[in-house]
Structures are given as structure tokens and as C-alpha cells.
Amino acid sequence: MRRRVNAYVGGGAAGYFAAINSALKHPDIHHVIYEATSKPMNKIRISGGGRCNVTHHCFNAKVMCTNYPRGNKELLGPFHIFQPKDTIQWFDEQGIAMKIESDGRIFPSTNSSDTIIHCFDKLTQELNITVHKKCKVIGIDYTPHEMDAIESHPLSSSSSSSSSPKFCISVQNK
């Protein structure tokens, strides 16, 4: 029986944040981030002119959605579940204070994106999250059977039942 694996495509802020939070809630699952470039979190490094614009000071889900002309209806539900105040609280729990600028942008109080990158790196190591760099995902396939893929990373459910869903991520190492 294979160990269950959760895969995250993309080594940016969303990929790391999702992998870390999932690993905190599900330490029995192996978590893997696939990043196409050699520099995960590179966009975090340059966000906000190198200060990392973490979120925005807007705590009303409906108002927040007006900032997204495409997909605003679809974002309303998720913004009721997790919104900027939750992001601020999450980083506070990691020991990272935030500061709100007059235009509503929120940055780490250090004014450095390295604060966020170090936080994500530290948690990734502590939680044994695997990061594959220069590993571009080129396909995700579903199969109801066990796989004998040579150039793919099998992702299987923790159940040993042959009827449980199986997925295979095909990657291209650069």
C-alpha cells in the first residue's frame, strides 16, 4: 500500500501556503510541491517592490470581491471562509507582525519579502514537505488502477481498495 500524497503545482505563495496548511492538518500525508523553475517563491521576493504585499486591509467579503471583476461571484464563498484578517492572524501565529499602509496594503513589519520566504522555508522543512525544483507538471491523469509509470509521480489514496481513485502527475525535469 502506497502512502497518500498531496501534490501542489507551483512553488509560489499559494502553493507553499496550501502545502503548509494541509501538512499542519494532515501530518500523516506526504506533501509535495512541484515548481517549474529553479527559484521557488521568486514572485514573493519581488512583490511589493521587495517588501511582499501580503494582503489588503478589507475585511468585508462582498467589498473584497468587487476588486475581482472576473470571478467575483465565485470568490464570495471562499472569502467568507478565509480572508485578509485570517491571513494576518496566520502570520501572527508564525511570529510575523504586519503593518497596514495608508492605502490599505499590508506588508510584514520588517518591510522585507525575505521574512515571508524564511517563514515558508522554515515550515516546509519542519513539516517535511518535499519541493521539486525545475520540475514542470505537464499533465495530471486519472486512472482507477495501480500505475506502473516510469516518468511519473504516482499519487494514490491511502486506501488499499482497487476502486479508490488514483492520479498520476507527469513531470518534465529541466
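**Briefing: pockets and sheet of a predicted model**

About 210 Å³ of space lies in the second largest pocket, whereas the largest pocket has a volume of about 470 Å³. The model is predicted, so local features need pLDDT of at least 70 and side-chain atom pairs pLDDT 80 or more, while totals for chains, interfaces and linings use all residues. Residues are numbered from 1 along each chain as its sequence is written, and side-chain values use heavy atoms, without hydrogens and water.

**Pockets**

- On a 1 Å grid over the protein atoms alone, a pocket is an open set of points where a 1.4 Å probe fits, with protein on both sides within 12 Å along at least five of seven lines; lining residues have an atom within 4 Å of a point.
- Of the 21 residues lining the largest pocket, A13, A14, F17, V54 and T87 are the closest to its centre.
- The lining of the second largest pocket includes F17, K25, D86 and W90, and its largest share, five residues, comes from α1.

**Sheet**

- Three strands form an open sheet in the order β1-β2-β6, with parallel pairing; helices (H or I, at least four residues) and strands (E, at least two) are DSSP runs, numbered from the N terminus, and two strands pair if DSSP finds at least two bridges between them.
- The edge strands, each pairing on one side only, are β1 (5–9) and β6 (130–132).
- Three bridges join β2 (residues 30–34) to β6, and I33 stands opposite V131 in β6.

Methods
Grid points are joined across faces, edges and corners, and a volume is the space filled by probe spheres set on the points.
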